Amino acid sequence: MASKFFLLALLALSASRALASDPGQLQDFCVADKTSQVFVNGFACKDPKTAVVEDFYFSSLHMVGNTSNKQGSVVTAVNVAQIAGLNTLGVSLARVDYAPYGQNPPHLHPRATEILTVLEGSLYVGFVTSNPENKLFSKVLNKGDVFVFPQGLIHFQFNIGNNEAIAIAALSSKNPGVITIANAVFGSKQTISDDILAKAFQVDKNIIDHIQAQF
């Protein structure tokens, strides 16, 4: 009996070591060293002794973005590219400005969940679940409302009002990434064959060629 308990304890210890990982930061911070030639998953850290307060600071998020574009929206990102001190911390944010009836078109963040808060205006928002259901979850948001877009799912926001709208989005990655669906499908470098897209969208190739020309 004692040998059985010893064996179970040994197996448990072996499993715990195999599954062990660092649960969080191993130091106070890891300010991104963007001049480093070391290739890592993210950015290498610069010497903490050389860190300055500006490594943790960003200004101008109060400024209205220029929405004079085809989509009628602009995103002002605040991630590790703007604040080097966000490196390894797993968080970032963005301000989104919308012209009347402007939209943040269908897109996804491959590395982050997003939680969006409406500061001004009214937005129709939604996300679509993965195959095979492809279920749409959508809602009209007003000032002070909050909505979550799960990581990796296609989502959008549309300003349904006559006035400009503003939202703040927090994301669960220092570098969430963004893939705008239309840009990726119709504006890729090199372009995807119109035969493939025509079959995928079940339309004539001339329609695909016309859409690709817009990108």
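## Briefing on the predicted model

Ser60 is found in the loop between α1 and β1, where helices (H or I, at least four residues) and strands (E, at least two) are DSSP runs numbered from the N terminus. This is a predicted model, in which local features need pLDDT of at least 70 and side-chain atom pairs count only at pLDDT 80 or more, whereas totals for chains, interfaces and linings use all residues. Residues are numbered from 1 along each chain as its sequence is written, and side-chain values use heavy atoms, with hydrogens and water left out.

**Backbone geometry**

- Ser60 has a positive phi of about 80° although it is not a glycine, and at 33% relative accessibility it counts as partly exposed (buried means under 20% relative accessible area, exposed over 50% and partly exposed in between, with a 1.4 Å probe and protein chains only).
- Thr88, which lies in the loop between β1 and β2 (92-98), also has a positive phi, near 75°, in a residue other than glycine, and with 35% relative accessibility it is partly exposed.
- The peptide bond from Asn131 to Pro132 is cis, with omega near 5°, and Pro132 is found in the loop between β5 (123-128) and β6.
- Another cis peptide bond joins Lys189 and Gln190, with omega about -5°, and Gln190 has its place in the loop between α2 (181-186) and α3 (194-201).
- As background, most residues other than glycine have a negative phi, and most peptide bonds are trans.

**Disulfide**

- The count comes to one disulfide, a term used here for a pair of cysteine sulfur atoms within 2.5 Å.
- This disulfide joins Cys30 to Cys45, with an S to S distance of 1.7 Å; Cys30 and Cys45 are 15 residues apart, and each is in the loop between α1 (2-19) and β1 (73-78).
- The torsion about the S-S bond of Cys30 and Cys45 is about -95°, so the disulfide is left-handed.
- Cys30 is buried at 3% relative accessibility, whereas Cys45 is partly exposed at 38%.

**Strands and sheet**

- Five strands form an open sheet in the order β6-β5-β8-β3-β10, with antiparallel pairing (two strands pair if DSSP finds at least two bridges between them).
- At the edges stand β6 (136-141) and β10 (179-180), each of which has a single partner strand, so one side of each is left without a neighbour in the sheet.
- Within this sheet, β3 and strand β8 (residues 154-159) pair in the antiparallel sense over three bridges, and His107 stands opposite His155 in β8.

**Annotated positions and the largest pocket**

- An unreviewed UniProt entry places the feature "binding site" at Asn104, His109 and Glu114; UniProt positions are given in the numbering used here, feature names are shortened, and annotations may be inferred rather than shown by experiment.
- The lining of the largest pocket takes in Asn104, His109 and Glu114 from this set (on a 1 Å grid over the protein atoms alone, a pocket is an open set of points with protein on both sides within 12 Å along at least five of seven lines, and lining residues have an atom within 4 Å of a point).
- His109 lies in the loop between β3 (103-108) and β4 (114-120) and is buried, with a relative accessible area of 9%.
- Leaving aside neighbours within four places in sequence, His109 is in contact (heavy atoms within 4.5 Å) with residues including Glu114, Gln151, His155 and Leu171.
- Glu114 is found in strand β4 and is buried at 4% relative accessibility, and its contacts, again leaving aside neighbours within four places in sequence, include His107, His109, His155 and Gln157.
- The side chains of His109 and Glu114 are joined by a polar contact of 3.0 Å (a pair of N or O atoms within 3.5 Å; within protein, one must be able to donate a hydrogen and the other to accept it, and residues adjacent in sequence count only if both atoms are side-chain atoms).

**Gln157**

- Gln157 lies in strand β8 and is buried, with a relative accessible area of 1%.
- The side chain of Gln157 makes a polar contact of 2.8 Å with the side chain of Tyr98.
- Not counting residues up to four places away in sequence, Gln157 touches a set of residues that includes the annotated Asn104 and Glu114, and among the others are Tyr98, His107 and Phe149.

Key. 1 Å grid on protein atoms, 1.4 Å probe; cavity = no way out; pocket = protein on both sides within 12 Å on 5 of 7 lines; lining within 4 Å.
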